[in-house]
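Let's walk through this structure together, one region at a time. Please keep the viewer open as you read.

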Amino acid sequence: MLAFKSILVPAAVILAGVAGSPSALAHHSFASFDASKCFTLSGTVRNFEWQYPHSWLWVIAPAASGETQVWGFESMSPAQLQEVDSRWNKHVISIGDKVTVTYSPLRDGRHGGSMGKVALANGWLLKGTPNACQGAKAVFGPNGLTGNSASVNLPKN
Amino acid sequence: MVLTGSFADATANLPLPTWPGPQGDTYASIAKLPDWSGFWAYHRVFVGPPRTDTGPGGEPMFLTPKYAAISADHIRRRAQQNLSFCLPAGVPGVMQHRLLFQILLTPGLVTMLFEDGEVRRIYTDGRKHVPLADQIESFMGDSIGHWEGGTLVVDTIGFPNGSVWENYGVLATIKSHLVERFFRNSAGYLEVDSVLTDPEIFARPYVYKRLYEQSPIPITEEECLAGNRDTGTSVDLTPPPLGE
């Protein structure tokens, strides 16, 4: 069993290096999302589904009209999320938390997207689906909260 | 659907060779075979997005013109394959996901249990392949194996539902034939050297190797259907009840 110990550490390093690969996490379906677009949305966590095959983060955010809307953000399986960012677990996000999500939107325009990253109130910026927001710089919207969202500075890590 | 005809039937009446050394036909024999217990994880090598001339491990892949066109179209459309529809990946694709697996040895049988519930059964009791004409179409096919010292040699036919590689748009056919050699290499990895032949898909045999390492994280249940909101063609945006 000694041989295992010698390979475990370099394997983990290699995995971290490839986490952003578009084809690596093949289970994830991305056909419904537009990877050429990237938006951010700030709101309050309604539900966090830490589940297979994919985890979902549900966020309540005010619309431009002043009413609130529910947004659904798809991510990856618990194992895949822990692979791209070891800080992920079932309890890292709780109902009522304030979050800012970067996402590639659903192509059909509904209130949902593929979650690229999520910024937590504690300063953490958790990595999500590598395919999301590829090659696109995050812009604020489309919930019209330009003034509010612009005050949110995404942490570097 | 009953499968019909193939090269495999031509060898159906020939006796299988007798292999020297322990074959795992009894628990005493299994004790002389390598210890592959624990949880195995695919050792991923990033080679970039899918291509029609290179496999996902970076090795050359010679698709026939017909399948090169199928694959190119699939990649361009970002089309979905087995796993995205909560279907089994099947042979050989299941060997290349970050799906942890176990290898269990019981007399005359090697069983591979994958994280998403897929199961490969490799009969090492000396039986021959089920004739293709008598098989039921499947994802995992019919696998027979034998031990050559510390190497498990597995021969699989009859897996027309199996994906070759997810995201590449290539499914196996009834003519697909896979030979794999499982062994621990000098670096400590579980190595699987594979040759996949299919005159419909490949202009020449597709040769590749994959590495697996021990996972410090145990297998978890990864059931696909119950919580699946995204089939690749439709997304269910009904939020869960409040408070859950």
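This is a predicted model: local features need pLDDT of at least 70, side-chain atom pairs count only at pLDDT 80 or more; totals for chains, interfaces and linings use all residues.

A salt bridge here is a side-chain nitrogen of Lys or Arg within 4 Å of a carboxyl oxygen of Asp or Glu. With that in hand, look at B:Lys66, B:Lys175 and B:Glu200, which are linked in a network of salt bridges. Over all chains, the structure holds 13 salt bridges.

Residues are numbered from 1 along each chain as its sequence is written, chains are lettered from A and ligands numbered from 1 in the order in which they are written, and side-chain values use heavy atoms, with hydrogens and water left out.

The backbone oxygen of B:Glu200 lies 2.8 Å from a polar atom of the B:Thr64 side chain. B:Thr64 itself sits in the loop between β1 (40-42) and α3 (65-76) of chain B; helices (H or I, at least four residues) and strands (E, at least two) are DSSP runs, numbered from the N terminus. Which residues does B:Thr64 contact, once its neighbours within four places in sequence are left aside? They are B:Pro199, B:Glu200, B:Ile201, B:Phe202 and B:Ala203, where contact means heavy atoms within 4.5 Å. The relative accessible area of B:Thr64 is 10%, so this residue counts as buried (buried means under 20% relative accessible area, exposed over 50%, and partly exposed in between, with a 1.4 Å probe and protein chains only).

The loop that holds B:Thr64 runs between β1 and α3, and each of these elements is worth a visit. Take β1(B) to begin with: this strand pairs with β11(B) in the antiparallel sense over three bridges, two strands being paired if DSSP finds at least two bridges between them. Within this pairing, B:Ala41 stands opposite B:Glu213. Strand β11 of chain B spans residues 206-214 and is mostly covered, with seven of its nine residues buried. β11(B) also pairs with strand β10 (residues 190-197) of chain B, again antiparallel, over seven bridges. There, B:Asp193 is the residue opposite B:Lys209.

Now turn to helix α3 of chain B. B:Asp73 and B:Arg76 both lie in this helix, three residues apart, about one turn. They form a salt bridge whose closest N and O atoms are 2.6 Å apart. Are these two partners buried or exposed? B:Asp73 is partly exposed because its relative accessible area is 28%, whereas B:Arg76 reaches 61% and so counts as exposed.

A:Asp85 and A:Arg87 meet through their side chains at 3.2 Å, N to O. A:Asp85 is buried, as its relative accessibility is 9%, while A:Arg87, at 25%, is partly exposed. A:Asp108 forms a salt bridge with A:Arg110, with 2.8 Å between the closest N and O atoms. Here A:Asp108 is partly exposed at 48%, and A:Arg110 is partly exposed at 34%.

Next, bring the two chains together. How many residues does each chain give to the contact? Chain B gives 44 residues and chain A gives 42. Between them the chains bury about 3600 Å², 59% of it on carbon and sulfur atoms; buried area is the accessible area (1.4 Å probe) that two parts lose on being put together, summed over both. B:Arg44, B:Arg78 and B:Leu237 supply 19% of the area that chain B buries against chain A, more than any other three residues. The count of salt bridges between the two chains is one: B:Arg229 with A:Glu49, the closest N and O atoms being 3.0 Å apart.

Finally, find B:Phe139 in the loop between β4 (119-123) and β5 (142-148) of chain B. This residue is partly exposed, because its relative accessible area is 22%. Beyond neighbours within four places in sequence, its contacts include B:Leu87, B:Pro88, B:Val91 and B:Phe159. B:Phe139 is 42 residues from B:His97 in sequence and 15 Å away in space, C-alpha to C-alpha.

Note on methods: A polar contact is a pair of N or O atoms within 3.5 Å; within protein, one must be able to donate a hydrogen and the other to accept it, and residues adjacent in sequence count only if both atoms are side-chain atoms.
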